[in-house]
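Q: Can you walk me through this one? I'd like the overall picture, then a few details.

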Amino acid sequence: MNAHVVPCADLAEYRERADAWTEGLPFPVLSGPSLDRYRSLFPEGELPRVETAPRAGTVISVGGDAGAAGRLLAAATGRTHRVVEPAGLARALAPLAGELVAVVGLAEDITASGDWPGAHGPVVGVVTARDLTALTCLVYRSLTAGAASEDRVFVATHPMLEDADLADTNEFEDILGLGRRRPKLLVLKALGKECCAALPDGILCGRSDPIDAPPPPADPSYRHMPCMYGAGCHRADLDEDRRLPAAELHATVVFTHSCSSIAVGTNAYPHHVALGLGLLEGTAVAVVGALGVHIVQRGAQGDLEDALAEDLPLGRAVERLNERARPINGWLNRFGLLGDPGLVLGLPGGRAADAVAGAAEPAGTAVRRDEEAVRDLAHLSNVVLPRLERLCWLEPGVDALAVEGFRIRVREAAEDLQAPDLASRVAGIETDLAAFQHATAAAIAHDIYVNGWNYGGPSLDGLREVSQRPTTCPNCARDRAALITMRHVVHAGLTVRTLQCRRCGDLWWTSEESDEPAFVLEGALDTDAVSGRVTGLSRTLRNDSEHVLRGGIGFAFAMRRFLGLPPEISAPISVLPGEKEEFTAEIDLVGHQPRPDVHTGVFIAIVNGAYIASSSMMRLAPAGSSEPVRPLKRISDNRTSQGMPVK
């Protein structure tokens, strides 16, 4: 019999004991796998006594089922407590801007509130789990966070990422080797998404059940991984012993850098596969991770370690991460907290954080002339060619010598603006430039298919966010997106814009420098497809400018050659002012037979020097599946939505 904990057989007993609990009584916890995993850290069998030191902030429980757990957390830490329904969470959080708020609730109730709770102003930590047994154990672990924890940091980094040589390991085997040695802070710099964090030789999986177990029913609007179709892990190159359920990983706090590792309230995948929730079904008391698409920031680990060493509450530590990240990559470096924001964990030492460079201001304006040929030549010189020269920064494979060759031809044509053949010379440059841009688009699409894709490549390190404008996401139709503008600190003329959604991720990117779009790519982000058929993925290029749009357009599945997806496709494209042109990539799922999965693709276009990209998620179901019940969302005529701004 454990003197400090009383396992409860059902919810009724748990509620009764929670209502009666005061300091000194055994702490109630629902029996289940989470409690068993935590118990494994104490081989002598005696579970620790809860710590009842006061913590800053407020506790808000979401939904009636979580009320007892929230009341216990508040009672043990001297905080006020209230219960709200999911629909009332945003209203309850609005007056608490800047305060520490522990939001306690089941993941499905948090999602029903409509957004990540931290979007509403307070410094939020979400104490959540997929079921009540895991939630009650998480509350208990949050009150015994100092038990069975080694005062050390363990860092595992994918070898492709920066500072991989400074990590404790680049190999999955060493993560498996941690066993019950539970570091206070485990840092995972890996490749991944909501459901996983991966190293080359292994994967940390959000599922806590066997990979071949039937998953619970899920909304068909979610993106589904192959395992949810019974097709095994999407990392088909790995044996099952190289997949570690996140719940089996022992750490007190886990700091993850993979995309969307914190996605409660904004999840595009079912909670059943969520990495953050899997970690909270193990022995972790908190997960600090990325909200949405994430660019790994070198100084973030040091910032977190320093904050913990200063005995800041976890909520304030994550607040510092976001404050330091905002002037650098802004939206692409947003962190969230799963766990109690009032918990002071402490960490010996800490390390100095990297300095943040300032943003540069733009420079240069184009010169316009009246005569038609001269005007077209000026457009090439002042708009198209500078864009192509900036493209060499974004895509190092672009032939910079060829771009310089076009610059020489334009300069030579400008030496005699009265020449009788000026118009034909300008037309020749435009024709050759169009062919060059088509070839460039084809090469980029091929590289995406073979090696994967990050818009901006090596220039991402120098881009700094300069503005962030809230907008409606055209895919999920919710007010949880933002139009982000970034500028390069060295190349002041290099501007990148992207539309990002807290749920749907990145919808589009562009290198166009002006605020008002003149060209847009229109099309659906999520598209349903069925194996054994030919399906079409389309984008419409609309030209609202006064110039003919010339160049190339293409589509490729990102790093999918080894998965059996059809290869990239590209074509030249020309659109007259005020008109539009559709490009359709026919996806042969008869001759090619990839596994059912959510296959990420990218439409890219190099047109009039601008580099635009539009994301695509093909939700491939097995052969014999029924047609999708809900219609595909089509992007409206709103220029700040899925449309790509270019001029």
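Q: Before residues come up, what do buried, exposed and partly exposed mean here?
A: Buried means under 20% relative accessible area, exposed means over 50%, and partly exposed is in between. Bear in mind that this is a predicted model.

Q: Fine. Is Asp416 buried, exposed or partly exposed?
A: Asp416 has a relative accessible area of 41%, so it is partly exposed.

Q: Where is the place of Asp416?
A: Asp416 is in the loop between α12 (400-413) and α13 (422-451).

Q: Which residues gather with Asp416 in a patch on the surface?
A: Glu412, Glu415 and Asp421. Together with Asp416 they make a patch of negative charge.

Q: Zooming out, how many helices and strands does the protein have?
A: There are 13 helices and 27 strands. The radius of gyration is 27 Å, close to the 26 Å that the globule rule gives for 647 residues, so the protein is as compact as a globular protein of that length.

Q: And what does the C-alpha trace span along its principal axes?
A: About 100 × 55 × 45 Å.

Q: What share of the residues is buried?
A: Buried residues are 60% of the 647.

Q: Switching to salt bridges. How many does the structure hold?
A: The structure holds 29 salt bridges. In general, side chains of opposite charge can pair when their charged atoms come close.

Q: What does Asp209 pair with?
A: The side chain of Asp209 forms a salt bridge with that of Arg207, at 2.8 Å from N to O.

Q: Are those two buried or exposed?
A: Asp209 is buried, at 17% relative accessible area. Arg207 is buried as well, with a relative accessibility of 1%.

Q: Which residue forms a salt bridge with Asp303?
A: Arg324, with the closest N and O atoms 2.8 Å apart. Asp303 sits in helix α9 (residues 300-309) and Arg324 in helix α10 (residues 314-325), so the pair ties together parts that are 21 residues apart in sequence.

Q: How do Asp303 and Arg324 count, buried or partly exposed?
A: Asp303 counts as buried, at 3% relative accessibility. Arg324 counts as partly exposed, at 34%.

Q: What about Arg390, which residue does it form a salt bridge with?
A: With Glu513, where the closest N and O atoms are 3.0 Å apart. That pair links distant parts of the chain, 123 residues apart: Arg390 is in helix α11 (residues 372-394), and Glu513 is in the loop between β19 (505-510) and β20 (519-522). Arg390 counts as buried at 10% relative accessibility, whereas Glu513 counts as partly exposed at 31%.

Q: Which residues do salt bridges that share partners join into one network there?
A: Arg387, Arg390, Glu512 and Glu513.

Q: New topic. Where is Val123 found?
A: Val123 is in strand β6 (residues 123-129). At 10% relative accessibility, Val123 counts as buried.

Q: How far apart are Val123 and Gly302 in sequence and in space?
A: They are 179 residues apart in sequence and 20 Å apart in space, C-alpha to C-alpha.

Q: Last one, Gly462. Where is its place?
A: Gly462 is in the loop between α13 and β16 (463-471). The residue is buried, with a relative accessible area of 9%. Gly462 and Ser570 are 108 residues apart in sequence, and their C-alpha atoms are 30 Å apart in space.

Definitions and conventions. Residues are numbered from 1 along each chain as its sequence is written. This is a predicted model: local features need pLDDT of at least 70, side-chain atom pairs count only at pLDDT 80 or more; totals for chains, interfaces and linings use all residues. Side-chain values use heavy atoms; hydrogens and water are left out. Patches are made of residues with over 30% relative accessible area and no salt bridge: like charges are joined within 9 Å, nonpolar side chains (Val, Leu, Ile, Met, Phe, Trp, Tyr) within 5 Å. Accessible areas come from the Shrake-Rupley method with a 1.4 Å probe; for residues, only the protein chains shown count as cover. A salt bridge is a side-chain nitrogen of Lys or Arg within 4 Å of a carboxyl oxygen of Asp or Glu. Lys and Arg count as positive and Asp and Glu as negative; His and the chain ends are not counted. The place of a charge is taken as NZ of Lys, CZ of Arg, CG of Asp or CD of Glu. Helices (H or I, at least four residues) and strands (E, at least two) are DSSP runs, numbered from the N terminus. Buried means under 20% relative accessible area, exposed over 50%, partly exposed in between (1.4 Å probe, protein chains only). The radius of gyration is taken over C-alpha atoms; the globule rule is 2.2 Å times the number of residues to the power 0.38.
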